[in-house]
Amino acid sequence: MSTTTTSGPGSASGPGTEPESGSGSGRGAAARRGPGRAREARRAGKQGLWGWVFVSPMVLVLGLFLALPVGMALWVSLLNWDGQSNPFSGAADFVGLDNYRHLFADGGLTRTLFMTSLRNNLYYVLLVVPLQTVLALGLALAVNRRRLRGKGVFRTAFYFPSVTSSIAVSTVFLFLFQSSGAVNGLLKWVGLQGPSWFTDARGLVWVVLGWVGLVDPGSPPAALAGHGVLGLSWWEWLSGPSVAMCTIIFLVVWTTSGTFMLMFLAALQDIPEAQLESARIDGAGRWQTLRHVILPALRPVLFLVLTLGLIGTWQVFDQVYVMSQGQPANTTLTPAFLSYSLSFKDAQYGTGAAISFVLLAIILLMTGVQRLALRERDGRRRLRRGRSAR
């Protein structure tokens, strides 16, 4: 009986004491964790503060030399500014989006020149980006071969044009592609008559159609020559790059492929050798290994190369400035060179700044489309692999 009566709710050994003991230990643990969490929060706050202190010089530099000029250029694109007065003093006329409207809506010379430059640059992008990417990948695959001797010599030779001054290379190409230059001399040696490279305004499509006898470039079809869009006829839109622009394209592909080759080469050397050996054991040939093993592993680098290629080709300026100045007949005119010409030669700084922001929008749009396309293909491959694994 005594044992039964002593085991009541108030007893130390009764069941009622267990929650008190548990809650007491929980409060003690929480009390111990509270100061620890507070110290960690203070430490993290101090680390974040010191992080901002260390990166603040670079943030200031980027703000001073990148964000601030971009903001100023955006403001200038909304003005009718001659480049002489202070654009922030109210002396320049605020015209809003008129500079952009002149590029797309008005039927004046400015729109014709801008559309011509867009056409030229579009053909330039469509040829340069694939050619330099394929050439860079081919050079990287060749240099990455294990049995190749003198890899360092080949890497240096392929990369050397990329580190050479573009102005110097452009000047050399001017001499090579003259009417009496070395290129036409070689063509004459094999029985071909070379064109006047930098004075030939014929489009490449026109030249090919003339060779096969389908269309006479001198008398184009009325359906193409009499109708068009945005100030240019369809015949002009479909002309293709001019012979002079093809010379610049050849120069740019030759000088930029070495840089992208190094990117591909670094990615190729990161592919595990066991993965390639497994593909060879399974009976995969070179093409199958390239398609199913190497290219999927190179997808991030491929996206980087394509993105840098797009940005660089839409910003081409120095080769055009040195080699052609947009001539002949504006067939090598690009938006970047047109922006420079309107701003610094014609004192139309507002229109020139507007062209630069149109270029920025085009680059962002094409980069986004390219990223979505590569991501969509990657997602489809993963889905097919998951289904096959099931």
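**Notebook: a helix pair and some salt bridges**

I started with helix H12 (residues 273-281) and helix H13 (residues 286-297), which pack at an angle of about 150 degrees with their axes 11 Å apart. I keep in mind that this is a predicted model. The crossing of H12 and H13 is right-handed.

Next I looked up who touches whom. H12 brings Gln275, Leu276 and Ala279 to the contact, and H13 brings Thr289, Val293 and Ile294. I sorted the residues of this contact by type: four are nonpolar, two are polar and none is charged.

Then I turned to charged pairs. How many salt bridges does the structure hold? I found four.

One of them involves Glu273 and Arg280, whose side chains meet with 3.0 Å from N to O. Salt bridges with shared partners join Glu273, Glu277 and Arg280 into one network. Glu273 counts as partly exposed at 39% relative accessibility, and Arg280 is partly exposed at 39% too.

My next stop was helix H3 (residues 98-104), where Asp98 and Arg101 lie three residues apart, about one turn of the helix. They form a salt bridge, with the closest N and O atoms 3.3 Å apart. Asp98 is partly exposed, at 29% relative accessible area, and so is Arg101, at 37%.

Last, I checked Arg202 and Asp200, a salt bridge with its closest N and O atoms 2.8 Å apart. Is Asp200 buried or exposed? Asp200 has a relative accessible area of 10%, so I noted it as buried, the cut-off being under 20%.

Note on methods:
Residues are numbered from 1 along each chain as its sequence is written. This is a predicted model: local features need pLDDT of at least 70, side-chain atom pairs count only at pLDDT 80 or more; totals for chains, interfaces and linings use all residues. Side-chain values use heavy atoms; hydrogens and water are left out. Axes are lines fitted to C-alpha atoms, for helices over the stretch in contact, and angles run from 0 to 180 degrees between N-to-C directions. Helices (H or I, at least four residues) and strands (E, at least two) are DSSP runs, numbered from the N terminus. A crossing is left-handed if the near helix is turned anticlockwise from the far one by less than a right angle, and right-handed if clockwise. Contact means heavy atoms within 4.5 Å. Ala, Val, Leu, Ile, Met, Phe, Trp, Tyr, Cys and Pro count as nonpolar, Asp, Glu, Lys and Arg as charged, and the others, Gly among them, as polar. Buried means under 20% relative accessible area, exposed over 50%, partly exposed in between (1.4 Å probe, protein chains only).
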